[in-house]
Amino acid sequence: MVAFGKKLKERSIEEWQEYYINYKLMKKKVKQYGRQIEVGSLDRRHVLKDFSRMLDHQIEKISLFMLEQQGLLSSRLQKLRECHDALQDEPDISQISNLREAYRSVGQDLLKLLVFIDTNAIGIRKILKKFDKRFGYRFTNYYVKTRADHPYSQLQQVFKHVGLGAVVGAISRNLHELQNNQGSFLSIYDQPVVPLQDPVVDSIKNAVDRLTRSTNFLNFMAQHALIMQDEDLLIHEDQADQQEGRYHFMSLLLNLANTFLYMVNTYIIVPTADDYSMSLGAAATVCGVVIGAMAVAQLFSSVYFSAWSNKSYFKPLIFSSIVLFVGNLVYALAYDFNSLALLLIGRLFCGFGSARAVNRRYISDCVPLKIRMQASAGFVSASALGMACGPALAGLLQTNFKIYNLTFNQDTLPGWVMAVAWLMYLVWLAISFVEPAREPEEVHTSQESNSADQDGNMEKGLTKQLLLAQDETEHDDEDDCDGSEESAEDSRKPANSFVAAYKLLTPSVKVQLLIYFMLKYAMEILLSESSVVTTYYFGWSMSSVSIFLFCLGLTVLPVNLVVGSYISNMFEDRQILLASEIMVCVGILLSFHVVVPYTVPQYVISGFIMFVSAEVLEGVNLSLLSRVMSSRLSRGTYNGGLLSTEAGTIARVIADATITVAGFLGQMFLSFTTLFCIELQISELCSSIARTACGPVVINPTAPADQNEMFNFLVQLG
């Protein structure tokens, strides 16, 4: 891939050259530091101080120029405001038109400034990452935290573009007043939902949205879906229009309904799986195999559905609905045929119908960028609600009757109900789904290259620069380390196999996937063995188990609301990850039946602590994954969403197998054996998180050497 230094030269505005970050100089400095440390002529503490001082000077140069440009824009807006006020008394159509063009001209210059900010922000992140990579520890954390939190921070000017909101507001408000509504007393503040139909304002809003990295609840929830933006599809405004033309609201709703029904289908059998297994002559702990059979099949279905979605969305959804209808039918009929094999085949069929890869892909490919965050959050919410509604629905299906020798009871009704639900969904799908038009990838590529040459419009050109500037994969600066350069075309190709996708994962991303694996393992153990454990120890009825699981599922959205809106803004990801891991371990320890009598409050409290902590861990982990995973994994069959799905599914398979294997020791030892497995693995994982997932230890360059050594010693001891 083209080195960032070359990109910086290409993107920089010629008259502002001297105010950009001197990336080339700082890169040479980093290499010079490395050589000096190797020969022993310079110690690391001096390097840290000197590099910090040099970067401070660069940021000060950038921020002061930004303030100067903001001042010039403000002065121009102030003069335009005086002309605007004069027109209130004596309106003149030609002058109004000229004034509107003058405001648009200010907007064009504001877009140039946004490009300047974005390019320098990328440069700062790049050089910090290069410094960390060269010297083997995370200096970035220390630098950003100390500079960003300081009351006189100049770094805030670059990363938060402080003050630009007022300029954007002034341009938007005045253009709104001048836009064919003279005489109206309403402003943009009175009609916040009515968009201003002006291309300059739209371009500014898009640029600001892409520069702003907010941690609000909606964005936090959307990142859980691991639906990453593919910059190749968003380079030009014409392509965004094409994507919006492919979007169909009812089709999106059908994808979300598919997600919801599949999660209901997954968890509706959890409260009754042990009872169903015993009614067919098997042990209660065989419920682990029954529940896990669906996950085993999903390991394969995720791959072929992801590949199928490259060509169609409608056909795989139809196939999914038919397979799930048949699977639930077979699951329900297993009772009357007294066949455990049919029971397992029914669940395998349900797993083969998992179309979550198609649901993700539709949102990624067909939903416009402006509402993709809401659609992604809807995908996660549908999954969470399905997880809660599944056990609740099972608790309502407590009846026993026969129709034509077919048994309808608490064991078979989940299969019958879901079969009817999938049949109704199939009819709705056939009537309402609209297959989006597809174009060959080659056409997209040629359109992208040609449109840049043919269109000289300032708004589109600047928007293209802003979108291109977001391409910051881990491969961007490999050429700086080994001197080799990869072509831009090759570096943007999607992975064509699991092996290729795995090679794109950095060590920290691999550990984050391991974290995801472990939390899914712990959650599956808790959910799948709940009916066996509570029946053995407390004699709970099926409805009691359903209520317990329903209450657990209901915590998903409130927990993510609290974490996304508050906790993630107050603490670093590393702190939240470690704290949630510790709380999961606490929940597991409280679950053990050792000396004191095992009581309902102990089990319920420990279950809620473990489940809620795992939810916090999952939310922060997936949110972080969506930001650091390579952009090459945002498209193609073997994408980031598929990798996370496979990791979670493998965890569920192993967890359900653990339950069945542990059941051979007897139900008395089931809880101890499974929870002990989790405890051992999570204890090891906590150490991995501290040392690998969040990077090496942050060293304060201003702290005494003995203090840094003591800090490292304590971390390694922990």
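**Reading charged pairs, a helix and cysteines**

Reply: Let us begin with a single residue of this predicted model: K520 has a relative accessible area of 19%, so this lysine counts as buried.

Me: Which residue does the side chain of K520 meet in a salt bridge?

Reply: As a general idea, side chains of opposite charge can pair when their charged atoms come close. Here the partner of K520 is E618, with an N to O distance of 3.4 Å. K520 belongs to helix 24 and E618 to helix 29 (residues 600-628), so the bridge ties together parts that lie 98 residues apart in sequence. E618 is likewise classed as buried, because its relative accessibility is 11%.

Me: How many salt bridges does the structure hold?

Reply: There are seven salt bridges in the structure. One of them joins the side chains of E15 and K112, again at 3.4 Å from N to O. That pair links distant parts of the chain, 97 residues apart: E15 sits in the loop between helix 1 (4-11) and helix 2 (23-39), whereas K112 sits in helix 4 (residues 93-135). K112 has a relative accessible area of 16% and is therefore buried.

Me: What separates E101 and R104 within helix 4?

Reply: An α-helix has 3.6 residues a turn, so residues three or four places apart point the same way. E101 and R104 are three residues apart in helix 4, which means that about one helical turn separates them. These two residues form a salt bridge whose closest N and O atoms are 2.6 Å apart. E101 is partly exposed, at 43% relative accessibility.

Me: How many disulfides does a search of the whole structure find?

Reply: In general, a disulfide is a covalent bond between the sulfur atoms of two cysteines. The search of the whole structure returns zero disulfides.

Me: Are C350 and C389 buried or partly exposed?

Reply: C350 is buried, its relative accessible area being 1%. C389, by contrast, is partly exposed, with a value of 31%.

Note on methods
Residues numbered from 1 in each chain as written. Predicted model: local features only at pLDDT ≥ 70, side-chain atom pairs only at ≥ 80, totals over all residues. Heavy atoms only, no water. Disulfide = S-S within 2.5 Å. Buried < 20%, exposed > 50% of the residue type's maximum accessible area, 1.4 Å probe, protein only. Salt bridge = Lys/Arg side-chain N within 4 Å of Asp/Glu carboxyl O. Helix = DSSP H or I, 4+ residues; strand = E, 2+ residues; numbered from the N terminus.
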